[in-house]
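Biologist: Hello! I am new to protein models and would like to learn how to read one. Could we go through one together?

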Amino acid sequence: MNTICNEDCLHCPYEDCILDRITPKAYDELKSMKPISELQALREQKKKFRTQQYYQKNKDSILQKRHLNRDEINRKERERRQRNLDEMRAKDRLYRELHRDVIIAKSRAHYAENRESCVAKSLKYYYEHREEISARNKEYLALHREEVNAHRRELRKKSLEERRAKDREYRKENNARIRASERAYYALHKEEINARRRELRRLKKEQAASEAARLQNPMDCDTLEENKTK
């Protein structure tokens with residue numbers, strides 16, 4: 001008989017169970033009152049809490065061991081992931097969907113703090129796996145071409161609107177300085193700017209004259225009339 005635990009698991013005052021394993025009597029009682037799925041969830045929750053507590057107490061030694069055995073740990077993790085690839089991908093997708101904003105915020109913060117190392121790492125991976133990445137992208141594009149093109153158009157449209165909004169806001173806040181800079185640039189390049197303007201006016205006049213001559217041509221007028229009647 002345990003003098004500390006009263007085996008009333010449904011009303012346990014402790015966050016973590018003080019017993020290493022539940023007694024048969026308490027388990028039978030819980031089993032009769034709760035579904036098996038809830039019992040499993042309760043065991044998983046207590047196991048996770050014990051793991052977290054152990055990690056917090058031994059964080060330095062755990063990280064040191066992981067660093068010393070990093071290659072072996074990564075190899076075992078890759079093998080485990082390969083054995084359960086579909087299940088792991090499904091879990092990853094579900095986690096990303098549930099925590100999308102948090103993941104994006106963390107990624108942006110990490111990239112801002114470690115921009116150079118992130119860029120170098122990305123380039124190294126790309127050049128080492130260039131052919132594989134290209135083949136995978138081509139395969140995905142062939143299967144999802146319309147979706148990809150629609151997404152690209154939306155990104156371009158959104159990016160263009162954002163850039164224009166930023167430009168307007170920046171010009172509004174720095175209007176006097178921008179005008180002064182433009183006047184200074186014009187003073188330094190006055191001849192070149194005026195020459196370009198004269199050339200543009202000349203081209204516009206030639207285009208207008210050519211259009212007027214085309215409209216005065218009887219054959220062109222007949223063609224226009226035929227097009228209108230059609």
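Biologist: How much accessible surface does the protein have, and what share belongs to carbon and sulfur atoms?

Modeller: Please keep in mind that this is a predicted model. The accessible surface of the protein is about 21,600 Å². Carbon and sulfur atoms account for 51% of that surface.

Biologist: What part of the protein's residues count as buried?

Modeller: A residue is called buried when its relative accessible area is under 20%. Here, 7% of the 230 residues fall in that group.

Biologist: How many helices and how many strands are there?

Modeller: The protein has twelve helices and zero strands.

Biologist: Now to charges. How many salt bridges are counted?

Modeller: Start with the general idea: side chains of opposite charge can pair when their charged atoms come close. In this protein the count is eleven salt bridges. Let us look at some of them.

Biologist: Which residue meets Glu72 in a salt bridge?

Modeller: Arg75 does, with a distance of 2.3 Å from N to O. Both residues belong to helix α4, which covers residues 70–83. Glu72 and Arg75 are three residues apart, about one turn of the helix.

Biologist: Are those two side chains buried, exposed or partly exposed, and why?

Modeller: Glu72 counts as partly exposed because its relative accessibility is 35%. Arg75 is partly exposed too, since its relative accessible area is 32%. For this label, the value has to lie between 20% and 50%.

Biologist: Which salt bridge do Glu79 and Arg75 form, and at what distance?

Modeller: Their side chains meet at 2.7 Å, N to O. Glu79 and Arg75 are four residues apart in helix α4, so about one helical turn separates them. With a relative accessible area of 36%, Glu79 is partly exposed.

Biologist: What does Asp92 pair with?

Modeller: Asp92 meets Arg81 in a salt bridge of 2.5 Å, N to O. This pair links distant parts of the chain, with Asp92 in helix α5 (residues 85–98) and Arg81 in helix α4, eleven residues apart. Asp92 is partly exposed at 25% relative accessible area, and Arg81 counts as partly exposed at 28% relative accessibility.

Biologist: Let us turn to surface patches. Which residues form the positive one?

Modeller: The positive surface patch consists of Arg145, Arg152, Arg153 and Arg156. To place one of these residues, look for Arg153 in helix α9, residues 145–173.

Biologist: Which residues form the nonpolar patch, and how much accessible area do they have together?

Modeller: The nonpolar surface patch is built from Tyr111, Val119, Leu123, Tyr126 and Tyr127, and together they have about 460 Å² of accessible area.

Biologist: Which helix gives the most to this nonpolar patch?

Modeller: Helix α7, residues 115–128, gives the most, with four residues. Tyr126 is in helix α7, and this residue counts as partly exposed because its relative accessibility is 37%.

Biologist: Thank you, I can now follow these features on my own!

Notes:
Residues are numbered from 1 along each chain as its sequence is written. This is a predicted model: local features need pLDDT of at least 70, side-chain atom pairs count only at pLDDT 80 or more; totals for chains, interfaces and linings use all residues. Side-chain values use heavy atoms; hydrogens and water are left out. Patches are made of residues with over 30% relative accessible area and no salt bridge: like charges are joined within 9 Å, nonpolar side chains (Val, Leu, Ile, Met, Phe, Trp, Tyr) within 5 Å. Accessible areas come from the Shrake-Rupley method with a 1.4 Å probe; for residues, only the protein chains shown count as cover. A salt bridge is a side-chain nitrogen of Lys or Arg within 4 Å of a carboxyl oxygen of Asp or Glu. Lys and Arg count as positive and Asp and Glu as negative; His and the chain ends are not counted. The place of a charge is taken as NZ of Lys, CZ of Arg, CG of Asp or CD of Glu. Helices (H or I, at least four residues) and strands (E, at least two) are DSSP runs, numbered from the N terminus. Buried means under 20% relative accessible area, exposed over 50%, partly exposed in between (1.4 Å probe, protein chains only).
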